[in-house]
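Good morning, colleagues. Please look at the display as I begin.

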Amino acid sequence: MPFQQGSARTRQRTVLLVGIVVLLVVLVLAVVLASLLTHGKPEVSPKMMKWKDRGTTKNLQEVILGRCYSYVMARYPELGDKDCLKIWESLKHAFIYKNPCNTTSEDYQPLMELASHPIPCNKSLFWSKTKDLAHRYTKSNQNFLTLEDTLLGYMTDTVSWCGDPSAPGINYESCPKRSECESNPTSVFWKMASKMFAEEACGVVQVMLNGSIEAGAFRSNSIFGSIEVFNLNPDKVSAVHIWLMHDIGGPQSESCSGHSIMMLRSILEERNFTITCEDNYRPVQLLQCVQNPDHTDCQPCANATAAP
């Protein structure tokens, strides 16, 4: 009798153990199946991939905060009420711990609102393929401002950033180029900032284009050609002055009567803007001549011509 009771207990334990094992197997299979149905293939962290562009600028927080304080305290003290720490936090939250190919304009909206400020009328200077020259000119002539001379542009010019879903949430190794994914953090940022800069413009605005580019001075796929020109407000902007600059001693691929300039004129005229175009606007050309003072293009008789 005791032997039979022991055997019964053994069978009960065996059945219980088998039941537990079967239950565990079912639970594991259920978890795996749910994971596959919900997520499909496991997501690979962007940090594990090698993007083609440079990674996030080292010490990004210190760079952004330093530039912000310099701008609102030293350069434009009338903007001293701007909260640089909040501005940095809003920039950080726009991309940190996020897939760098899924950036949206909504991510940057708080930043745009915090950092925006009025642009005085007649001071807006747009550029395309003339970045260095345009900035040299605004540094020597405080009557004009490019996007990079505003608070948003000043803080972020030449800086790069992108997120990473894994810790620490920022990818310092590489970031995606626009060719890899258009909705990357810096591309979306500059599109939004450019749109806001154009919307703020008033009075007479200037645009500096490069007449030495074989493909044409005005390009419809550029930031100016695809965003800024269409966000100028005809109710606020009275005229658009085009400065078509050529490299000193370089090719003069296009003049104010060139094909791409005519295309730009057509776009602006359809939006009821008054347009003028000037080849080699002399005050800007003088800056070019600083590095080539003896070149024939820099002689006093080499006057620019204006087209109405």
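Let me start with Phe 224, which is buried, its relative accessible area being 3%. Please bear in mind that this is a predicted model. In total, the structure contains 13 aromatic pairs. One of them joins Phe 126 and Phe 224, with the ring centres 6.1 Å apart and 45 degrees between the planes, a tilted arrangement. Phe 126 belongs to strand 2, residues 125-128, while Phe 224 belongs to helix 8, so this pair ties together parts that lie 98 residues apart in sequence. Phe 126 also counts as buried, at 2% relative accessibility.

I turn next to Trp 243 and Tyr 281. Why is this pair described as stacked? The ring centres of Trp 243 and Tyr 281 are 4.1 Å apart and the planes stand at 10 degrees, and planes under 30 degrees apart count as stacked. Trp 243 sits in strand 5, residues 237-245, and Tyr 281 in the loop between strand 6 and helix 10, so the pair ties together parts 38 residues apart in sequence. Trp 243 is buried at 5% relative accessibility. Tyr 281, with a relative accessible area of 18%, is buried as well, because the cut-off for buried is under 20%.

The loop between strand 6 (274-279) and helix 10 (282-289) also holds Asn 280. Is Asn 280 buried or exposed? Its relative accessible area is 11%, so Asn 280 is buried. A polar atom of the Asn 280 side chain lies 2.9 Å from the backbone nitrogen of His 246.

A further aromatic group deserves mention. Tyr 108, Trp 161, Phe 189 and Trp 190 together make up one aromatic cluster.

Finally, I come to a pair of helices. Helix 7, residues 185-200, and helix 8, residues 223-231, have axes that come within 7 Å of each other and cross at roughly 40 degrees. The crossing of these two helices is right-handed. Which residues make the contact? On the side of helix 7 they are Lys 191, Ser 194, Lys 195, Phe 197, Ala 198 and Glu 199, and on the side of helix 8 they are Ile 223, Ile 227, Glu 228 and Asn 231. Sorted by class, the contact of helix 7 with helix 8 comprises four nonpolar, two polar and four charged residues.

Thank you for your attention.

Key: Residues numbered from 1 in each chain as written. Predicted model: local features only at pLDDT ≥ 70, side-chain atom pairs only at ≥ 80, totals over all residues. Heavy atoms only, no water. Axes fitted to C-alpha atoms, helices over the stretch in contact; angles between N-to-C directions. Helix = DSSP H or I, 4+ residues; strand = E, 2+ residues; numbered from the N terminus. Left-handed = near helix turned anticlockwise from the far one by under 90°. Contact = heavy atoms within 4.5 Å. Nonpolar A, V, L, I, M, F, W, Y, C, P; charged D, E, K, R; others polar. Buried < 20%, exposed > 50% of the residue type's maximum accessible area, 1.4 Å probe, protein only. Polar contact = N/O pair within 3.5 Å; in protein donor to acceptor, adjacent residues only side chain to side chain. Phe/Tyr/Trp six-rings, centres within 6.5 Å; stacked < 30°, edge-to-face > 60°.
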